[in-house]
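The sequence and structure come first.

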Amino acid sequence: MGRELSEAIVDGILGGSVYALMAVGLTLIFGVLDIINIAQGILVVLGAYLSYVLSVHLHIDLFAGLLVTVPAMFIIGVAIQWAFIRPLRGRERTSMSLLATYAVAIIIEGILYIIFGSNYVNLNASYVTEGPKIFGFYLDYIYIYGFLMALLLVLAIYFTLYRTPFGRSVRATMQDQTAARIVGISVNRVQALTFGIGVAVTAAGGMVFGATSGGFNPNTGYDLISRLLAIIILGGLGSIGGAMIAAIFMITLEGVVDVVWSPSWSVVVFYGALVLVLAFRPQGLLGRKAARAQ
Amino acid sequence: MNGEPVNVGPVIEGPVIEGPAQAGGAQLPAGRDRQATVLRLGCLAVLLVIAAIFPLVITNALYTQFAVDTMIYVGAVAAWNLFSGYTGYISLGNAVFFGTGAYTVGLLTKQWKLPGGDIFALLPLGGLVAALVAVPLGLVALRVRRHTFVVITIAFFFIFQLLAFNLSFTGGNQGVSSPFFLWSAADYNNPFYYVGLIIAVATISLSWLIRNSRFGLQLLAIRDDEDRARGLGVRTMRTKLTAFVISAGITGMIGGLWWFFIGQALPETAFDPLFDLTVALMAFLGGFGTLAGPVLGALILEPLQQWIGITFTNGYTSDIVLGGLFLAVILFMPRGLVPTGAEFVTKWRVAQARRREAAPGGSAPGGSAPGGSAPPGSPTLGRTGSPGAGTPGASTPGASTPSTGTPSTGGVR
């Protein structure tokens with residue numbers, strides 16, 4: 001039990017960092033565009049399938065393949081924003097965006113089913129099944145590499161946001177769109193690029209997810225998006241730090257419940273924890289307290 | 001900001017602030033309006049008659065089965081709209097109540113070994129249990145912001161689906177099967193159809209009553225600006241929770257009906273994420289927050305979905321078609337069929353009125369001053385939806401009455 005527990009905790013922290021990466025993309029999109037991107041889950045799966053195609057058919061290493069899949073997902077993200085998000089206007093914009101991105105998700109899911117079928121596939125490489133022995137269990141290298149990559153990318157996002165002119169315009173747009181427009185920021189451009197970045201990180205997250213989840217198919221997107229939504233709500237919508245903490249906390253919690261109680265209850269505990277926290281802190285862990293009318 | 005719904009301005013500013021006595025006071029007693037009301041009631045009566053005789057005329061079991069499905073969705077959407085449409089809190093977790101109703105009715109039928117026939121008497125009980133479940137859920141979920149509310153309802157949905165899988169009395173992934181009914185195979189679907197029709201009509205009537213009541217105005221005030229509504233003395237939590245529980249109770253009853261009809265409740269079909277999304281889509285297609293819109297959305301979308309399912313036998317292609325359709329509606333008709341249609345009718349009437357006035361106005365220069373000033377005012381009113389604030393039109397009551405009456409009633413529907 002002790003060995004399994006420590007394995008669950010280590011896996012949870014390392015695996016949680018990958019969820020943190022995907023959740024940061026989602027919460028960034030929310031913060032800047034004020035929309036919830038339901039398609040994020042299926043886009044992660046799409047990213048995983050892109051890595052799958054590159055590694056199985058073209059024999060490109062998983063991490064090297066990211067050099068192709070990340071820009072590809074960035075372009076897909078910008079295209080989705082341009083075609084389906086930008087035209088949304090008016091008071092019910094956020095609600096409409098839920099439906100629009102959900103529609104995008106069903107379409108992508110259908111296309112993936114037609115191309116790849118419903119069989120579960122797995123990303124494979126030598127480092128996916130090998131690794132050093134620590135605390136009495138084998139830790140696959142993919143967890144370590146994935147953790148390092150997620151850390152690197154989240155740091156890159158942080159650096160971009162807080163140390164570059166582009167980041168400053170992103171933060172300005174997050175705070176007040178009208179004011180940002182007044183001082184000369186091209187809000188449309190910022191929104192398009194942010195959506196692209198938020199989607200691009202799914203390529204990296206999807207690759208690690210595809211290698212560590214033990215198999216995925218197009219339907220996996222639903223499970224992913226509900227977890228990601230729970231994570232960003234728990235962390236506080238629009239809060240990047242909150243999303244990271246919440247991701248690692250939730251995924252570790254789920255892994256621990258898996259071991260100490262039962263796998264069939266871990267998901268109940270996962271969502272139960274969200275409801276419990278929100279009962280006492282409606283704005284999430286690090287969320288700003290905002291007027292309810294928004 | 002031209003996209004503001006036309007209904008909200010007059011409704012809120014009229015009764016809530018000036019006095020609650022004259023609910024629905026935005027209507028003007030013009031002859032044209034009375035005509036429209038008669039016309040509308042006539043249409044409603046015809047629709048009801050068609051709905052009532054439908055299974056007697058069309059006896060093909062496949063079509064009556066579609067009709068039952070459609071009735072189930074009409075009721076479910078009307079119930080969803082009663083809370084989400086009026087308050088603006090989008091719930092993607094109504095399947096919680098649908099499934100709770102189905103399981104309650106199913107487990108009780110099994111427990112009490114009820115024979116077929118009078119089983120429908122159990123439906124209110126299913127609704128009651130779903131409503132009771134909604135109270136604690138609402139107390140937690142309604143404390144948060146709108147975006148968060150959506151996600152909490154999704155979280156509730158997952159919790160309930162997993163509970164249905166894991167609890168000892170729910171039958172796990174075998175679910176609960178319903179007994180065989182002894183009525184004849186030829187009109188097997190009819191009892192379900194009529195019960196569904198009764199629930200749907202009752203829900204729509206309730207929705208209409210709420211819409212025209214003080215309670216309904218409070219809900220709409222919450223939708224417009226919750227903080228301001230509280231400032232004006234609306235007890236927002238209590239109001240929201242009441243609507244949430246009513247909506248849940250009705251959805252629970254419909255879930256029970258669905259269980260009798262389908263014959264089996266599985267965790268993944270009774271607590272179905274597609275149910276949540278379909279209901280929301282129907283409401284948005286028809287017109288979010290209007291009375292007729294969601295019903296219209298269900299009447300169009302459910303048969304269409306069935307048709308797409310039959311035409312594109314590959315389930316994934318039908319998904320793609322549905323998603324594409326979905327996007328087309330959102331992009332080209334973001335406010336839904338009913339508001340867009342009402343706007344279209346208003347514009348057409350204004351154009352007609354302008355044409356009618358233009359003809360005599362050219363020959364008689366003396367009378368053209370008041371008549372000529374009305375049309376520029378009327379289109380503005382049609383768009384902003386504040387009849388009292390229309391500056392040019394206000395000075396010419398006679399000429400502008402028909403066109404001012406139209407946007408307000410068109411929106412209130």
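Which residue with a positive phi follows H2(A)? The residue is A:His59, and its phi is near 55°. The model is predicted, and local features such as this one are reported at pLDDT of at least 70.

**Two loop residues of chain A**

A:His59 sits in the loop that joins H2 and H3 of chain A. Most residues other than glycine have a negative phi.

A:Asp34 has 18 C-beta neighbours inside 10 Å, so A:Asp34 counts as partly exposed.

**Helix H2 of chain A**

H2(A) has 18 residues, and the distance from its first C-alpha to its last is 25 Å, close to the 26 Å expected at 1.5 Å a residue. Of these 18 residues, 15 are buried, so that H2(A) is mostly covered.

A:Gly47 is a residue of this helix. Because 29 other C-beta atoms lie within 10 Å of it, A:Gly47 is buried. Leaving out residues up to four places away in sequence, A:Gly47 touches A:Thr69, A:Met73, A:Thr202, A:Ala203, A:Gly205, A:Gly206 and A:Met207. A:Val275 is 228 residues from A:Gly47 in sequence, and the two C-alpha atoms are 30 Å apart in space.

**Helix H6 of chain A**

Helix H6 of chain A covers residues 141–163, which is 23 residues. At 1.5 Å a residue it should span 33 Å, and its end C-alpha atoms are 32 Å apart, which agrees. Its buried residues are A:Ile142, A:Tyr143, A:Gly146, A:Phe147, A:Met149, A:Ala150, A:Leu153, A:Val154 and A:Ile157. In an α-helix there are 3.6 residues a turn, so residues three or four places apart point the same way. The elements covering the buried residues of H6(A) include helix H1 (2–33), helix H5 (126–129), H9 and helix H11 (240–260) of chain A.

**Helix packing in each chain**

| Helix pair | Crossing angle | Axis separation |
|---|---|---|
| H3 (residues 62–85) and H9 (residues 187–212) of chain A | about 140° | 7 Å |
| H4 (residues 95–112) and H10 (residues 236–262) of chain B | roughly 55° | within 6 Å |

The angle between H3(A) and H9(A) makes them oblique to each other. H3(A) passes H9(A) in a right-handed crossing. The residues of this contact comprise 18 nonpolar, seven polar and no charged.

H4(B) and H10(B) are likewise oblique to each other, and their crossing is right-handed. On the H4(B) side, the residues that meet H10(B) include B:Phe97, B:Gly99, B:Thr100, B:Gly101 and B:Gly106. Among their counterparts in H10(B) are B:Gly252, B:Gly255, B:Gly256, B:Trp258 and B:Trp259. By class, the contact of H4(B) with H10(B) has nine nonpolar residues, nine polar and no charged.

**Chain B as a whole**

Chain B contains 18 helices and two strands. Its residues number 413, of which 49% count as buried. For contacts in chain B with a separation of 6 or more, 77% come from residues 24 or more positions apart.

Is B:Val46 buried or exposed? B:Val46, which belongs to helix H2 (residues 31–57) of chain B, is exposed, with 10 other C-beta atoms within 10 Å. B:Ile310 is 264 residues from B:Val46 along the chain, and their C-alpha atoms are separated by 29 Å.

**Interface between the chains**

How many residues of each chain are in contact with the other chain? Chain A contributes 45 residues and chain B 41. On the side of chain A that touches chain B, helix H4 (93–116), helix H10 (220–235) and helix H12 (263–280) each supply at least two residues. H4(A) gives the largest share of that side, with 15 residues. By class, that side of chain A has 32 nonpolar residues, eight polar and five charged.

Note on methods
Residues are numbered from 1 along each chain as its sequence is written. Chains are lettered from A and ligands numbered from 1 in the order in which they are written. This is a predicted model: local features need pLDDT of at least 70, side-chain atom pairs count only at pLDDT 80 or more; totals for chains, interfaces and linings use all residues. Two residues are in contact if their C-beta atoms, placed from the backbone, lie within 7 Å. Helices (H or I, at least four residues) and strands (E, at least two) are DSSP runs, numbered from the N terminus. Ala, Val, Leu, Ile, Met, Phe, Trp, Tyr, Cys and Pro count as nonpolar, Asp, Glu, Lys and Arg as charged, and the others, Gly among them, as polar. Axes are lines fitted to C-alpha atoms, for helices over the stretch in contact, and angles run from 0 to 180 degrees between N-to-C directions. Angles under 35 degrees count as roughly parallel, over 145 as roughly antiparallel, 65 to 115 as roughly perpendicular and the rest as oblique. A crossing is left-handed if the near helix is turned anticlockwise from the far one by less than a right angle, and right-handed if clockwise. The expected span of a helix is 1.5 Å times one less than its number of residues. A residue is buried if 20 or more other C-beta atoms lie within 10 Å of its own, exposed if 12 or fewer, and partly exposed in between; C-beta atoms are placed from the backbone.
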